[in-house]
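Biologist: I would like to learn how to read a few features of a model, taking one residue as the way in. Please give the general idea each time, then the case.

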Amino acid sequence: MVLSRLDIHRRNRGEGALVTLAGEIGPATSPLLRAALEQCLRDGVTVVDIDLSTVGSCDARGLDVLLSMSRRAGRVHASLRLHHPCAQIARLLDVTGSTRLLLAAPTDPVPAALSRDLRETASSGPSADGTRTPEDPARAPVRKDGIRLRRLTRWQTEGMAEDIADLAMASVADTPGEPFHDRGEFLRRLAVSARHPGFALLIAETTVLVGCAYGFPLCPDASGRRGFDRLLQESIQRLTTCARFVVLTQVVAHPHAQHRDIARRLQQRLLTDQHAALGVTLLHPADQVGHAAFESWGWQNMGEVLGLPGPVAPCVLTLPRESPSPAGR
């Protein structure tokens, strides 16, 4: 018996990806296709273009993979589109009523130059049964101990806001300080932070969301800074002599003990990505749970900072960026 083969090659372009398939989509190869498409979504790809020019056939199981991954993409505000199907696949899409759901419009083809370029570069590396995917190292997710860290776009952040809020509420469940554990207030702070220039949000995930950290950079030469941001930047610079830093608006980690290192890793990755030597956060003086959590992650309480708008002078906590270990942690 001859086993079917499916070569899968991927090329990232910004927040999109072109996935070129070559071979047959059948019982033996459908799991490879599902794994490749799941990887695209986990990496934050928002538009997955699938080039079927060199696919000879697709069975019902393969179609089910494409439909289920299209629905999954829709749930995270991404899209999956098929291009250049052979006659057999076109008939399969037609008789199952899937053409409208999966097939890209004729006016929206995969650029020929991009498709050709991908096929030429694909020959230099292994395919899905030993895949090597070219991608920008700066945007590549980081894996360690089965936990993936990846950055979300603002659009993806909006789509996952409710899930992030669920995690935030779970992380403080059964702890004192209800005024600081309001779900609506958490979502409001997230929306306000997302409007800052340079906003960055990282999540940690296994098969589920287990951690999140987000914030935005402040520096003296940033244009358009005024009001609270300008006062905060000047206050922190006087306090620490550091002119550029990242305001970490929120850090959330799953309460399970085995995930206690997640928050530290998220914080340090965010500082590294933003090329900042210092992280800064502001906490209400009465937020005992928040203070205990941040101090357990290595933050130093610098005391209350005066002169900022608001009825209460917040406490400023700072965290220096760690130097990379010789092993490249």
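Biologist: Where is the place of L101?

Modeller: Helices are DSSP runs of H or I with at least four residues, strands are runs of E with at least two, and both are numbered from the N terminus. L101 is in helix α4, residues 99–102. This is a predicted model, in which local features need pLDDT of at least 70, side-chain atom pairs count only at pLDDT 80 or more, and totals for chains, interfaces and linings use all residues. Residues are numbered from 1 along each chain as its sequence is written, and side-chain values use heavy atoms, with hydrogens and water left out.

Biologist: What is the relative accessible area of L101?

Modeller: Buried means under 20% relative accessible area, exposed over 50%, and partly exposed in between, with a 1.4 Å probe and protein chains only. L101 has 44%, so this residue is partly exposed.

Biologist: Which residues is L101 in contact with, leaving aside neighbours within four places in sequence?

Modeller: Contact means heavy atoms within 4.5 Å. For L101 the partners are L67 and S70. S70 is 31 residues away in sequence, yet the C-alpha to C-alpha distance is 8.1 Å.

Biologist: What covers the buried residues of α2?

Modeller: The buried residues of α2 include L67 and S70. Their cover includes α4, along with β2 (16–25), α1 (30–42), β3 (47–58), β4 (79–83) and α3 (87–95).

Biologist: How many residues has helix α2, and what span is expected?

Modeller: The expected span is 1.5 Å times one less than the number of residues. Helix α2 (residues 60–75) has 16 residues and reaches 23 Å from first C-alpha to last, close to the expected 22 Å. Just after α2, H77 takes a positive phi of about 60°.

Biologist: In what sense do β1 and β2 pair?

Modeller: Two strands pair if DSSP finds at least two bridges between them. β1 and β2 are antiparallel over 8 bridges, and R13 has G16 in β2 as its bridge partner. Their hairpin has 2 residues between the strands, and G14 takes a positive phi near 65°. In β1 (residues 6–13), 7 of the 8 residues are buried.

Biologist: What is the mean pLDDT of the protein?

Modeller: pLDDT is the predictor's confidence in each residue, from 0 to 100. The mean is 79, and 77% of residues reach 70 or more. Over residues 107–140 the pLDDT is below 50, although this stretch has 55 contacts in the model beyond near neighbours in sequence.
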